[in-house]
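Here are my notes for you on this one. Have the sequence and the 3D view open while you read, and click on each residue as it comes up.

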Amino acid sequence: MLDSNITNKLKEKYEAIDQDLETHLEGLLHSKPINYWDYIHTETLLNLQIPRTDFPDEMVFIMYHQISELLFKMVLSEITQVAEAQNLTPELFTDKIMRVSRYFDVLTSSFSIMKDGMDIEQYNKFRTTLTPASGFQSAQYRKIEFASTELINLIDRRFRDTIDRNTSYEHAFEHLYWQAAGKDFVTGKKSYTLTIFEQKYKLEFINFTRFYKSNNLWSKFKQLPKSAQQNEALVKAMRHYDYTVNIKWVMAHYRTANHYLNIGGETAEATGGSEWVKYMHPKYQKRIFFPELWTETEKEAWGTNIE
């Protein structure tokens with residue numbers, strides 16, 4: 001027998017949206033029970049891998065990056081909850097930050113799949129068919145950066161001290177650190193890889209950063225009461241996240257790229273032709289999401305002594 005309390009709650013739920021409860025209950029008579037493969041869309045998921053060559057390890061490469069993008073989506077989901085929270089507490093903030101860190105822990109450890117789980121000879125053959133695509137074209141990862149910190153902390157280190165902090169989004173965008181992967185700052189010429197990336201995502205990024213200008217993780221932290229900003233668990237979690245993303249994950253990525261692209265002692269170009277060493281290694285750009293949570297000594301040594 002149906003619990004009357006549940007019936008009343010269902011009635012309240014549907015009345016709140018001007019719906020008739022009996023109509024929805026009648027619909028249950030005709031609906032199918034859920035199963036795992038339909039809920040997860042297993043068949044669709046397993047048919048999203050379309051290799052460009054016949055090398056078996058290209059499938060590893062494709063699936064690895066697809067898994068990474070799914071984890072990036074999980075990261076953005078957690079950050080969004082912090083950004084949109086009306087009554088953000090140190091406990092909720094800490095919980096979400098640690099969730100994000102765990103996702104990046106998985107991303108960091110998973111690079112062993114790429115580094116030790118693919119045949120170098122196969123990779124260096126099929127990677128040429130991926131040109132001009134490049135990993136720096138991950139829009140979700142760029143959004144994670146925008147949602148984590150103030151835009152000034154993502155500006156190329158060469159311009160960070162001199163750029164106007166109140167500059168337009170369009171001007172700031174031209175000086176973001178990852179522009180170094182595909183732009184000659186002397187001539188202003190951009191690579192094809194960077195150009196098509198911007199054509200697809202630049203407007204979306206600018207609109208995204210408008211919301212996160214005051215709702216990024218660092219800004220939300222600074223909006224907390226002073227006592228909350230001194231919460232030991234929260235500060236520890238934020239430092240952990242900063243180091244995990246900008247040192248541990250980046251260096252795992254760097255070492256994997258170096259494993260495949262440092263051929264015979266010579267550094268090869270990445271698939272999009274990017275200057276991946278100076279773009280990727282943290283000691284060059286010193287990307288730090290939460291700079292005020294680190295000492296001057298720690299910031300100066302950022303990205304060093306970790307080879």
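**Notes on the model**

1. Let's start with Ile 196, which sits in helix α12 (residues 192-212). Helices here, at least four residues of H or I, and strands, at least two of E, are DSSP runs numbered from the N terminus. Ile 196 counts as partly exposed, because its relative accessibility is 26%. The cut-offs are these: buried is under 20% relative accessible area, exposed is over 50%, and partly exposed is in between, with a 1.4 Å probe and protein chains only.

2. Before going on, a word on where this comes from: it is a predicted model, so local features need pLDDT of at least 70 and side-chain atom pairs count only at pLDDT 80 or more, while totals for chains, interfaces and linings use all residues. Residues are numbered from 1 along each chain as its sequence is written, and side-chain values use heavy atoms, with hydrogens and water left out.

3. How far apart are Ile 196 and Pro 132 in sequence and in space? They are 64 residues apart along the chain, yet 9.7 Å apart from C-alpha to C-alpha. Pro 132 belongs to the loop between α8 (120-126) and α9 (139-148). Look at the peptide bond that leads from Thr 131 into Pro 132: it is cis, with omega near 10°.

4. Now zoom out. The protein has 18 helices and 2 strands, and its C-alpha trace spans about 75 × 55 × 35 Å along the principal axes. Of the 307 residues, 45% are buried.

5. Helix α15 (residues 232-261) deserves a look from the side. Its 30 residues reach 42 Å from first C-alpha to last, close to the expected 44 Å (the expected span is 1.5 Å times one less than the number of residues). Where does α15 bend? The bend is at Thr 244, by about 40°; that is the angle between axes fitted to the seven residues ending there and the seven starting there.

6. Thr 94 is in helix α6 (residues 90-109). Its relative accessible area is 14%, so Thr 94 is buried. The Thr 94 side chain reaches the backbone oxygen of Pro 90 at 2.7 Å. Here's a handy rule: an α-helix has 3.6 residues a turn, so residues three or four places apart point the same way.

7. Two non-glycine residues have a positive phi. Asp 18, with phi of about 55°, is in the loop between α1 (4-15) and α2 (21-28). Lys 286, with phi near 50°, is in the loop between α17 (282-285) and α18 (296-300). Which is buried and which is exposed? Asp 18 is exposed because its relative accessibility is 71%, whereas Lys 286 is buried because its relative accessible area is 9%.

8. Last stop, the surface. A nonpolar patch there has about 1100 Å² of accessible area together, and its members include Ile 34, Trp 37, Leu 48 and Leu 70. Helix α3 (residues 36-40) gives the most to the patch, with 4 residues. Leu 48 is in the loop between α4 (42-45) and α5 (57-84), and Leu 48 is partly exposed because its relative accessible area is 46%. To join such a patch, a residue needs over 30% relative accessible area and no salt bridge, and nonpolar side chains (Val, Leu, Ile, Met, Phe, Trp, Tyr) are joined within 5 Å, like charges within 9 Å. A salt bridge means a side-chain nitrogen of Lys or Arg within 4 Å of a carboxyl oxygen of Asp or Glu. Areas come from the Shrake-Rupley method with a 1.4 Å probe, and for residues only the protein chains shown count as cover.

Key
Polar contact = N/O pair within 3.5 Å; in protein donor to acceptor, adjacent residues only side chain to side chain.
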